[in-house]
Structure formats: structure tokens, C-alpha cells
Amino acid sequence: MTLRRLKGIALTIGFWLLVAVLVLYAIFPFYYAIVTSLKPSSQLFEVSYWVDSLDFSNYVTVLSQPTFLAAIRNSVIVALSVVLIALLLGLTAAWALGRVRFRGRTTVMMIVLGVSMFPQVAVLSGLFEVIRTLDLYNSPGGLILSYTIFTLPFTVWILTTFMRQLPDELEEAAIVDGASPWVTLTKVFMPLLWPAMATTGLLAFIAAWNEFLFALTFTLTDSQRTVPVAIALISGGSQYELPWGPIMAASVIVTVPLVVLVVIFQRRIVSGLTAGAVKG
Amino acid sequence: MATRQPTLAQTSAAQNPGGAVDATQPARPRRERGTRVRRRRVRAAWLFLTPMLIGLALVAGWPLARTFWFSVTDASLSSLEGANFIGFENYLVHDNGWYGILADPLWWQSVWNTLYFALVSVSLEAVLGVIVALVLNAHFRGRTLVRAAMLIPWAIPTVVSAKIWAWMLNDQFGIINHLLMTLGLIDAPLSWTADASLSMWAVIMVDVWKATPFVALLVLAALQMLPSDCYEAAKVDGIHPLRVFFRVTLPLITPALLVAVIFRALDALRVFDVIYVLTSNAASTMTMSIYARQQLVEFQDVGYGSAASTLLFMIIALVTVVYLYLGRRQLGGGS
Amino acid sequence: MAGLTLERVNKRFGSTQVIDDVSMQIDDGEFIVFVGPSGCGKSTLLRLIAGLESITHGDLMIDDQRVNNLTPPERGIGMVFQSYALYPHMSVYDNIAFGLKLAKQEKQTVDERARHTAKLLQLDGLLERLPKALSGGQRQRVAIGRAMAREPKILLFDEPLSNLDAALRVQTRNEIARLHERLGSTMIYVTHDQVEAMTLADRIVVLNAGHVEQIGTPRELYERPASRFVAGFIGSPKMNFIAVAAEADAEHGCRVEIPAVGQRTLPLAFSAGSGSANEATLGVRPEHLIPTPSEHGEGLEIVNVEYLGSEAYLYLERDDGELLVCRSQAPSPFRRGQRVTLDFDPLHAHLFDCDGRAVPPYERHAAPAAAQGAAS
Amino acid sequence: MAGLTLERVNKRFGSTQVIDDVSMQIDDGEFIVFVGPSGCGKSTLLRLIAGLESITHGDLMIDDQRVNNLTPPERGIGMVFQSYALYPHMSVYDNIAFGLKLAKQEKQTVDERARHTAKLLQLDGLLERLPKALSGGQRQRVAIGRAMAREPKILLFDEPLSNLDAALRVQTRNEIARLHERLGSTMIYVTHDQVEAMTLADRIVVLNAGHVEQIGTPRELYERPASRFVAGFIGSPKMNFIAVAAEADAEHGCRVEIPAVGQRTLPLAFSAGSGSANEATLGVRPEHLIPTPSEHGEGLEIVNVEYLGSEAYLYLERDDGELLVCRSQAPSPFRRGQRVTLDFDPLHAHLFDCDGRAVPPYERHAAPAAAQGAAS
Amino acid sequence: ADLTISCGAVGAELKLCKEGVARWEAQSGHSVEVVSTPNSATERLSLYQQILNARSGDIDVFQIDVVWPGMLAPHLVDLNEYLPKGTTDDFFDAIVDNNTVDGRLVAMPWFTDAGVLYYRKDLLEKYGLAVPTTWEQLTAAARTVQTGERQAGHKDFWGFVFQGRAYEGLTVDALEWIASYPGGGTIVDDAGDITVDNPQAIKALTLAASWIGDISPKGVLNYTEEESRGVFQSGNALFMRNWPYAWDLVQSEQSDIRDKVGVVALPAGGADGHSAAVLGGWNLAVSRYSEHPQMAADLVAFLTSPAEQKRRAIEGSYNPTLPALYKDKEVLAAVPFFGTLYTTFTSAIPRPAAVTGDKYPRVSNAFFNTVHEVLSGKVGAAQGLASLQSELERIKRRRW
Ligand SMILES: Nc1ncnc2c1ncn2[C@@H]1O[C@H](COP(=O)(O)OP(=O)(O)OP(=O)(O)O)[C@@H](O)[C@H]1O
Ligand SMILES: Nc1ncnc2c1ncn2[C@@H]1O[C@H](COP(=O)(O)OP(=O)(O)OP(=O)(O)O)[C@@H](O)[C@H]1O
Ligand SMILES: [Mg+2]
Ligand SMILES: [Mg+2]
């Protein structure tokens, strides 16, 4: 019994040790960014492990720029729209690809995947032309459109994978109940796919939130820019000076909403949604 | 149920909407394909796919077609219009010695770098991602916070996180060197990003840090959808948790893991910003994307750069096909 | 209301023939039960009728309209799945009301019908629960409720009661019978419960390895099984089979030589089949075996007495190790280890030829013809 | 081998009391069957014993060792799940072999045992299939095989046969009985199949809403049910209940006044309970009701005759609309619409007081005491 | 807005630009939108290319680097057509020449830049050393001070930091070394001939390579301007090669080394060499796709006018492109070394961008990669330059 308990304790300690190491690896850089953001610029080049001064001037600098707030707004608009579009198109496509057998399905899957095989720079100029043709240059619309190029493929693939795991009988029951594919998808499958949708949604949101190259190329004026661009364009004293303090402060500011989002979304990543559906 | 659909092996064991199809016999009698019920479903499927396909055609079709075209011209950024068709000269041409990408040692170096980077970092990410997912799947106090913490690396914009790491890895005032020296692990600061023998590992470390949450999140979602009663059965049978993990959990999350890995691999093979910010374009960490970008943007040589992009595309496609093939084999062998 | 015709329906999964040339005619309002051993294709046949699988070959007609290509709701079908297939995220109420809502019924009608159905199935207290918080039987009832709520033309049941306890089973069975009476809709019901099959069915379809062995009323099947398979399948405990040597007897039907019992004459028109001329199987149901305690240690030993409350089964071991079952009243006057001699009533005996086909009853006029047939 | 003791075991899900103070003593090697209506907590109790749910309150002992905190394998337990719980990605063979924890060199033993088990359950042809490609019954058999393969000390079954057809059910039932004989291990079996319960059990535990109604041998339960609930639950079709006015009769037991039948004397020691002094329920099993065709239109109408092959059930409608069931031979001499008068054998009658408790048999010496008790 | 201008990405620069634009708006009555662009020159260039290639008039006035005129010329208007004759007369000729492509004036000089040497006055004094005038002296002084400081317990101390990362900055630094030696050349001469493989260049690079790990940290191979400033400003280096921008920062209030720093022209290559600073700086150009080229040209003229440049010099220490302003009292009061280093700015040598045109990035890339390899010790200077020579020939294959 004591040996058991000892083993149990050892396991618990080991587990928490693992958690501690992982958490440290994950958040240390972010923590360091916070530490840096709270330092006055003169102390930037000194190593310090703890927050030894609480200098909020960097935050003031960042937040006092109206363009930064506009950038946050733009980012939210763009990222939310991208997530909505990706999930909508992704879900419908996943149903088609995951639950219907038809000729050309493999091809479609490969095409979707193939889109992810080009380096972003290679599509930049062509995409620029498309966006100008559609008159979406320098507007969130252009970004929303262009972001689908990297959010759609993985959304489609991931949702397809999860879609396949749902029991066939459920769909059959819905068919017998007279549900159209659309109803089956929205009323029956969607609620069950919450873990997958929350996950992909989160991934897509973050990907869109963080995208830089397209955002830089397809927007021009400060009022249309997104957060990463705004951060990259944060003013230092001169051409060569990198304003580390404000950049870190801005990074912290834009990362916090994401963390909150993760906390909210992860409640949707819960187990056992399909429990009780079928016997075996 | 999960294994009957080796996700990546689209060609064979896919499931019938109506529920049942013999995995070993995908071919069905002709007559069946034509029934109206099926046709209706197939029509709905195409209808559902159309918006996505239009979207992709719009954002990807034209740009990709252009890239292909430019790769066989001598277009340059300043004179895109006046591009001349020059065949495959960008790829390889003999003109008092071999010229073209395929004759460029730097290109081959970048191919090697890319493959090495992708293999190492994606493997590490897969392993770490599964571990993190398992931890996050356990019930313990503070799970919400730990989950959020684990996702932070993914949440920080790459541009920024690469800079944070560059800052931390700085040889003079970087905290990593400081830490290692305080701990007595090294006695002189290492120049992580400049030293050719270290820079690749520095990049891998940052990439693993950054992308593990992606894998972990997907695996976590898969873990959450596993049938719980199987675990009860295993529990009653007293099977060692490790064995349960390798024999039950892993096979069941394989589809999701494979998808996560393939998207990570695609990203890793196109890796750009982390390396660009961290080590710039030193030859020891030059990847195919950086090479292509250098040609396209810095050297203004759209033709050459497009050719490099096209080659990059083909190499990725090759890797993907091999991967899908192996993934299917592995799944098929498991049953 | 709807009649149903299957014409040479086939279903193949890859290269496996699962349903093999099944034809039948189901009248409007009939209650049909499919029975057969596990894996014989009952569920598959039901799914073909529902429209959930496509028919590889053959025609399915509802009310003389070919419906091979129609969707389940177009066919006017409701179905209870063997594996419940409840919507796990919907409450019991929503599970039941889902189909009604989709049919664009008025809100109040939906509500009324759903509640009524729930009440019928004693689910009223559970309306707000999710399927995962229900016991197996409760889930099964929700599944029935869901299919019943829409009162479709044809109702399909795939072993709907297999998780209910006896009392609830009898009750739900009666509920279904009454529902059938009230709605008058055609019902097709898959089960492996003898009692359900016998009591519910207007006609029973016995399936074996994808083909129809016999279609008939419960009584026909029980009393005049067309084959050894049906005879063995219908009735519990199952019919006792004894290998015998049979011989046509022009006057009384036929004579059989039963090992350890002796010769008996049966009023059956036996004619030697294609194989070994007089090999046959005698079939006697447990209730038609008459055991008599033997005084001198001859006869067969009782190896087990199963007590069932209202009756008891005696298991007798034959020399070759096979068991014979004999139905007796309870408490049984016999006990384990006792030896008994057996006899049976020739009127209730069945005989099957070497192909497993039942030998028809002997009729004085038909006899010569049969004899001739055998001679030719 | 292992005996099992439950001492005031309780289980609460949130605020719902699912298992309520259950105590019992299971001897080593016994075959115990849990029965009870759907949702009464049978599965939950089994899971508590298996160690899959934690006991809210009370003690569970195996071989006099408190095991509340042990894991299932430490308890030496094997289990067949109601929901199969097969590993979806493993073949039938792997599902069965996976749990066999044997030293590595004994690979051959694993293989042998797995194959043997598969053979027992007629799964030999399906060894390479995945659960997905099996029919419901086939899946259930794999689940049984998996638990059987390890031959654990205590085997738990949660409705293992509910998806098998009659023939296979009888066969697997016999298999389990034989397995029990061979292994001698303690087995606990949840079912709602009367026949399974009666034939397999050494003792049956009747559960009702989380508490034990009665524990006893099948015969005790059938012939001397302790309560109206048990009487109604055990036996199919279920016992007929008729509300009567009862009165203690010092000499013969008691007298009951049966509506539409008249007064009868029963050898039972009735004593007026706490409620209305002489309200009681008379219980007579269908086989003890004796119908007689009535000539002049009196008596009850036969509203349904259910044919079961070896017997038939007559359903008689009483004036208040309730049905009485009467077992008769098949083919039945009665037909629907006929009127019959009923009688019964007082020796086989049961009487339940207003709390549902069975009235004990009348014994000459005990009678005055009972009478005195009633008087005081 | 009538016009859109891209000028500067960051703080003071952007601020000054906006102020200038505002004045013009007030004066002309037109409205102008100022857009910010990436800090990194390469990223900014590619953004420009993107916009210009799409023939988009989204930006009317571009701020372009001194090395870009050759590349962007086809997309820019000839300012001679829009500005009155003689506008360029007062400007540094070198820069005007640099901005004239095929006889077309594609950009107006706005401000200039040149490399300078920062040093620690206090430390040189402490060790009794003079300000070095040659690279050799610098090496010796650095070694002395570094050894001394380290012995004094200042473990992280280094002698010299510069921009050693494989990027354009290294091209600039290395060109300064090579060009400072007599006959070291500028990689490609004005005629387009490749001159980089010469003994003086070898000498210069050999010396530079010897610094790494000796007086310069290994990490310098990944330094840009800011990293070097980081080391220098935290008091950990004796010398630093950087642009004038660092002056404001090292002299700022919170700086550890405030008032301990001096600025001189870069050292010469050997006794007979001369100090060579590479020309940096930015110009203003007008897009060919602008809807209002005349208006845009007016804006450019205004922003490059003496008054405007003077304001910028005083408020942001931006080097004017008008010689006259280097004698202006108010300017000199604000930035003293403008006077002492005047020759450095006027004689700054341009990178071979004009002559190599489109191919300049390739040339620069090949050059800094070679230098990087030499510095990191992978190849010797002679061997490195020899293969660079052939590499450049290769690039020249389809002519500059
Ligand atoms: N998707 C499938 N692929 C291949 N074979 C299948 C598939 N579905 C069912 N089968 C096979 O078809 C046969 C008939 O299956 P079906 O489910 O109809 O049996 P069943 O009669 O309903 O059995 P049970 O009483 O056990 O439910 C079985 O042998 C089964 O293994
Ligand atoms: N996780 C749970 N949370 C809340 N209530 C539960 C949970 N699991 C079971 N119950 C409830 O506990 C009661 C007993 O359930 P249990 O599954 O033990 O019934 P059962 O006797 O096995 O029924 P059946 O014969 O239908 O399988 C039911 O009313 C059920 O709704
Ligand atoms: Mg079935
Ligand atoms: Mg249960």
C-alpha cells in the first residue's frame, strides 16, 4: 500500500514536473517580452530575469497611437471574417469530401493541399493583381480574400478528418428524418464537431491575426493596416533604431486577446460530445 | 471507426455516405453509381464544394498560373511586361558551362537545408505535440490556464516571436547565453544565430517552440473525440497505460496527427520568416523559400525566382506524395 | 398507406453477396418480421428498403411505384436503428421532435405529437436529458419515439427492443402492436426474439445467408416449416433433430428407423432424394417429446434440468454426445442424472430430406404421384 | 477464486441516488444475475463492482479485502460491456488477444487462447475483420470473447446476449454456463431476458430504483416472490394482479373477495396492514388461471390470442379495461371474441398487502400469533 | 487625398516628413496622405515594386534609397520635365549623378548618410591612445584596450563592433574597408568592369577577418546596426562603425556612455590610404502612374528645398544634400560633427548600383556573402575574392 502510494506520488510529481517544463518552454519568451516591455529603453541591453521596474511608458507609447487601435480593429474584423468564411466553406467542403464518395474527390483534396505548396512570395504578385482587379486593394476585403489561401486548406482537411469520425448511423437517422444535407450538416454534425471547429477556428484566427506579408503588401494606409504590420512599423527614433520596448509592449497587447480567446474557445474543446449516440 | 478511413489514403478506404463499403473492394458495380439517391448526394457534394473551389481558384489559380508562366521567361520585376519566353533556361542551360537553378550549388544547399530542417523540426513537433496534447487532455487543476499558456507561442505573431528569440539568443546581451553561463553550462557566450553549426539548431528550436501548439491542439481535439468506453475496457483488462497509448490511442489519433503533420511539413518546407528574421540569408540556413524570395524580391529576377518557386512546389509535392503513400501503407499495415 | 414489393433484390458489398435474389410481396398494413441468424442480412435488407443502401440489382416498389431511387423521406419511411443513432447533442424532446420540425409541421402540433409519443414510451420525465445521461433501455425508447413521432407510411424497426427488460418489452411490444392497429401502417420489424416475432408478425420472413428461406404466418412457420433451417430456427428451445433412415411407405406415408428408439411410421410423403437414398432427419419439437422414467437404467440420461418458473427443459444426452431437449411442466418431476426413455407423437413429427427440405404431409391421393416421382 | 461482499453500497450522480444502500453476499464461484427494469441501476452496480465508477458510500470486499480503492485489474475482473466497447481499429483477433497479458515468450499461448476463444464464439471466419464490418451480433460476440479470453476471477457481463439471435443466444448461454462450470469463477450477469436469468443464475438479484427487492434462487423468486414488484417482474407473461378485499381467517389462512369471481379461501397468513384494513392484491400467474368456455355470455371476453408455437396466451379484458393473461396450450382451443369464466388454484395464488409485500404462507401454529398481532 | 507619399517608416523621420507635408498642404491647398512603409529597405523595395509593377497610382511620391534609382527608373518620371531648369544645381553632384539614369532625373536628393566611426573618448584617454586614423591603428588600439579592460574584470568587453551580418550593411562596411586602401576599388568600376579581385582588397579583408574572435565578437557576424549599437551603448565596445543616427541615441539622457563618445571619419587603409565612407541616404521620386505628376513634383521640390532640409537637419540631424547647409550656423550648433566630417559626406563613395542596375542586388549579395565567408574563416580572402570575381562575371553574363 505504501509502495503504491509512493508510486502514485512519484507519478504525480513527474507529471507536474513535465507540466512545469512544458509551460516554461512555452511561455518564457512571452514572459521575457513582458519583462522587456516594462523596461525603460536605456536598460534594454541588460539581462534581467525579473520585472525589476514597472515602466509603462512603452505601453503608453503604443496605445497613444490611434493607428494602433485602428490596426487592432482591422485585425479583429479580418481574423473573424476569415474564421467565419473558412469554417463555413470548410464545413461544407468537409461534408462533401468526408461523407460522400464521388469521382474526383481525391483530386479535390490534392488541389486543396496543393495550394499550400507554393511559397507565399511566389503568389504575391499574382494575388496583388487579382486584388486590384476586384478593387479590394487597401481594404480588409483584400486581406480576407487572400487569407483564405492558407486558412482554407487546413480547415478543409482537418474538418474532413473529423467529419469522418462521426458515426454513419447519425447521418442515416437524419436522412430518414428527412433532413437535407444542409440540415444534417448544420443541425446534426456541426454541434458534434465543436472540438474540431473550435480548434480549426482558433488556428485560423491566429494564423490570420498574425499574417504579415500579405497584410503588408495589400494594405497601404494606416487606417487599413493590421496588427503585425502595425507592430513592424512601430516607430523608433530613426531608420536603424529598432524600438524594442514598444514592439514588445505591442506584442504583449496583441497576444493577450488571443490568450483570452483560447481560454474561451477551449471550453468548446470538450470530450464526449458523441457519447450516447450509438451502442458500439 | 477511425481506422476505416485512413484519412490520407483517399484513394482506397474511404467510407460510403450510406455507411458501408468493403474496405478491400472499393470498386462497385457500374449500375449502382447511377442511382438517383447517390446522384443527388454527389450533386449536393459538388454544390457544397463549389464556393470553396471558387474561392481557391480566385486566390490561388491565377497567381499560381502566373508563377508557372514566369518560370519560363526572363521576366524581371522592373519589366514584367516585356518578359520573353526562354524555355527552361532558368532551370538549366548550357552556355559555356552550366547555368540555371539546377546548376546552382546554393540551391542544392538550400534544398538540403530545407529538408533537414523540415524533417527534424516536424518530427520534434509531432512528438512534443502529442505529449503536450496528452498533458492537456488530463484532468488536473489549472488545466485551463496551462492550455492557454501552451498556446501562447502560436499566438504571438511570427514576426514578433522571431524577434523576441533573436533578442534572447543574442550573443552579447541575450538571456539564453546569460542563463547558460550562470548555470555554468558554457564558459563563453555562443553566437547562436551567427555560428553556422549552431544557427540551424537555433532555428529549429524556435520553430518547434512556435509550432508545437498547432500539432498539440489538433491532437487534443482528436483525443477528445475518442470513444471513452474503449478505455474502460482497457482499464478493466488492466492493460498498461503505455501499451494502451501505443496500441489504442495512437492508432486512433493517427488521422488527425497525420493531417497536423502534413500541414506542419508543408509549412516547414516553405519556412521563411523565422529564418529570415533570425539568421537572415546566410548560406548555412538558407532554405528554398528564402532562395526563391531572394531571387524574386532582392534580385528582382522574377523569371528565375518563379522557377525556384516552381521547383520548390515540385519538391514539396513529391515529399507530400511520398508521405501520403507511406501514411497509407502504415495505416493499412496496422489493421 | 403502402404495400411493398421486392423483386429479385440483390446487394453486394464489394464481392460479398449479402442479399441474394430476395423477392417478396408485403401488403398494405401488414406487420412483417424478419428473422434469421446473426449476420444473415436482416439489417441490410431493412436498410435497402429504407433507402439507406442502394440496391445492387432488382426492384423495390412501394404502392407499385419503383422507389429504388427515392430518398427515405420520399418513400415515407421511418426507422428505428439497431444502434439507437440518437442525436447526442439534442435532448430527448428534440430528438423526437427533430423529424417533425423538418416536416414543417406547426409548432403546436410538433409539441403535442412529441409529448404524446414521449408519454407513450414513458419518457415524459426525461424530456430534457441528453442521450448520454440515459440508460440503454431509455435510449432505445427514445429511438423508437423518434421514428414513431412522424407516423410514417412504413415503419422499419431494427431490433428495437433488444435492450429493454422483460416487462417493458412486453409493454412496448403491445404498444407497437397497438400502434400498428391504430395507424394501420405497414411495419417491418427485425428481431431475433422468438416471442416478438411470433406475437407481432402477420407474416414472418426467415432469412438465411442473404436469401429467403420461408415466408409465412407464425403458425405456418412453426407447424409446417419448409426446411430444416426454418424448423431449427423457429421455436425455442429449438427442435430436436435426429438422423434417421427413412423409407417411403405407400400406405401410411413413410417409415423411419430411429436409432435407440426403433421404427415409426409417419404420415409424410417421403421420397428418396438425390443423395444417399434414405438418409433423412427427423425433427421433433421439445414439447412433443414424451419422456418416461425408465426403471432399469435403459434410455437416455438427463444431464441438465433448466427451471423457468412456468416450465422446465430437460436436456438428454444421446450416445453421440448430442443433446435432446424436452419441455416439461415446472417444477419438473424429473431430476438430473435420472434416465428416461423417449417417445413422440408421429403427428407432430417433421422429416427433412438430405437437402434439408421438409417432406410434405402424406395425402392419400398425392402419394402415388410422389412415389412415381421418386421412381422416375 | 473470489467471493464478493457489498455492504451498504451507495452511488450518487450529482444529486441523483442511483444505487441506494445495496448489500449482498456473493459466494465464491456463484453465478449471480442482476435483473430489474431499465434504468434501475444494474449497469451502474456492475460498474461499481468493476471499479469503473467510484462508490459514493459503503464497502466493496473481494475475498474479505476492501477493494473500493483498487483498480479493475487489481480486483481481478473481466467485463463485457453493454456497448461492446471494441477497439475500432483492431481486427477481431487483436481485440481478443490484446487483453491477454502473458509473458512474451508465451506468444503461442496467446495465439492459442485467442483462437480457441474465437472458435467457441464462432468467430473463426472473421478474425481479420474490423469491428466496423461486423453485424451487431458478431460485435457482441467479439466483446464476450475479449473478456472470456483472460479467464479472470470475477467475470462481469452487461447484457452480453442482447444482440444475438435466439439460436446463438441459447448456444452462447450454454457456452457461458459451461465456461462458468469449467472456470468455477464468480460471475455476475446483467440481463433483462427472463430465460437467461432463470436458467443461468444460481441466485437472482432483483433491483428496483437502485435498491434490492429480493435475492434468491430462480425458484424462490418465481414461487415465493417477496413483493408485488418481484412477482410482477419475474415471469413472462407477467403475473395477473387483481385488487381484492382480504380478511384473515384463523382456520384456513384468509378469505378474499374477488370481483366478478366470488369469495375464495387462500392458505396465506394475511394480517391487515396499516392502510385501509383489508385492501390487498391477489396475484395469479398466467399458467394458474383456468379458463372455461362460458355458455351464456357471462365471464370475460378474450380480446387477443397470441400464438407462440408451443403455447398460446389469451388476453382477457376485465370490466375496468385491464387485461388478464392466461397461458394455454397451442394451438389454443379458444379464439378471439369468445367469453370465458376464470378460476384458479388457491395453492398457487399470491397475495400482497397494500405496501406490496407478499403475505407469507399460513401455518397452523403461526396463525394465532399473526391474528393476535393484527388485533393488538 | 490628392496625393499619397511614402516617406520614412519610423519615428522622427516620419514625424519630420509629416510636418513638411503639412506645410506644403497649407501652402498649396492640396491634401496629402502619408503612408508608412516597412523599416527594412528590402521589404520596402519589394512593396514598391509590387505597387509599381501593378501600374498602380496608389503612391505618388516614393522615398527611395540611393541604390534604387537604377532599378526603379522605368517606373519613375523624369523630374527634369516637371521641375524648373537648374533645380539640381545646388545639390551634391555625386548624388544627383547617382539619381540620373540614362539622362533622366528620376529622384531628387533628400538627405544623405555616410558611415562614421564612434569611439570611447574616456577609454582612449585612459590608455593614452590617439584616435586611430588607419584600420591598423584601430586594430592595435582595440587590442590594447580590450586586453586591459578584460583584465580589469570587464569580461564582455570588445574592441570593435560593426555590421557583419550577411546583408546590405556588410556590403557597405566591407566596401568602406576595401575602398579605403589605395586601389582597393569599388567592386565594379564606373565602366562596368569587375575589379574586386585585387591585392589591396585582399589585404583589407584579411585584416577584417583577423578581427573576428579577436577584437570583435563572433556574433558580429549576425549584427546589424542595432545590435552593434546595443553592444557599444552598453559600454561593451571601444569602437563602432555606424551611421550618424546613433549619435542622438548614445548621447541620450539614459545612455550609459553619454558624453564619453567621439565621432570621426572612418580610418584609412594603411598610411597611404584614405578614409572612405559609403554613401547612404534617401531621395524622393514620383511614380509614372501618378495621376498628378506635376503636383507630386511640386511636393518633391518643396520637401527637398533648403528651408525644409535645414529644418530636418536641426530637428533630426538629417544630413542635408545641399553643401550650403553644412556651413549654416544653426545647423552646426545642433550637430557639431557635420562641420568636421563635411568632406566625409561630400566625398562619400556610392555603391556600384548605377552601373550594375538590375543586377546590383545580385552583386551586393555575392559580395556580402563572400565577405561573410571570409570573416567567418571559411575561406581565405584571396580565394574568396577570386571566386567572387568569377561569380560576378557569371552574373554579368547577360550584361549589367
Ligand atoms: N459495410 C460492410 N462491409 C462489408 N460487409 C458488411 C458490411 N456491413 C455488413 N456486412 C456484412 O453483411 C452481413 C449482413 O450484415 P447485417 O448487419 O445485415 O446482419 P444482421 O442480419 O443484421 O445481423 P445481426 O442480427 O447480428 O444484427 C454480415 O456478414 C456482415 O458482416
Ligand atoms: N453519468 C450519469 N449521470 C447521470 N445519471 C446517470 C449517469 N449514468 C446513468 N445515470 C442514470 O442512472 C440510472 C441507472 O442507469 P443504469 O445504466 O445503471 O441503468 P440500467 O439498469 O443498466 O438500465 P438498462 O437496462 O436500460 O441498461 C438511470 O436512470 C440513468 O439515467
Ligand atoms: Mg443487424
Ligand atoms: Mg444497462
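Colleague: How many salt bridges are counted between chain B and chain A?

Modeller: The count between these chains is two salt bridges, in a predicted model where local features need pLDDT of at least 70, side-chain atom pairs count only at pLDDT 80 or more, and totals for chains, interfaces and linings use all residues. Residues are numbered from 1 along each chain as its sequence is written, chains are lettered from A and ligands numbered from 1 in the order in which they are written, and side-chain values use heavy atoms, with hydrogens and water left out.

Colleague: Why is the pair A:Glu129 and B:Arg66 called a salt bridge?

Modeller: The term requires a side-chain nitrogen of Lys or Arg within 4 Å of a carboxyl oxygen of Asp or Glu. The closest N and O atoms of A:Glu129 and B:Arg66 are 2.6 Å apart, so the pair qualifies.

Colleague: What makes up the contact between chain B and chain A?

Modeller: With contact meaning heavy atoms within 4.5 Å, chain B gives 102 residues and chain A gives 101 residues. The two chains bury about 9600 Å² between them, 76% of it on carbon and sulfur atoms, where buried area is the accessible area (1.4 Å probe) that two parts lose on being put together, summed over both.

Colleague: Which domains does the assignment give for chain C, and how far apart are their centres?

Modeller: The bounds, which come from an automatic or database domain assignment, are 4-233 for domain 1 and 240-352 for domain 2. Taken over C-alpha atoms, the centres of domain 1 of chain C and domain 2 of chain C are separated by 37 Å. Their contact takes eight residues from domain 1 of chain C and six residues from domain 2 of chain C.

Colleague: What area do domain 1 of chain C and domain 2 of chain C bury, and which residues supply it on the side of domain 1?

Modeller: Domain 1 of chain C and domain 2 of chain C bury about 650 Å² between them, with 56% of it on carbon and sulfur atoms. Of the area that domain 1 of chain C buries against domain 2 of chain C, 76% is supplied by C:Tyr222, C:Arg228 and C:Ala231, more than any other three residues.

Colleague: How many salt bridges does the rule find across the interface of domain 1 of chain C and domain 2 of chain C?

Modeller: Across that interface of chain C, between domain 1 and domain 2, the rule finds zero salt bridges.
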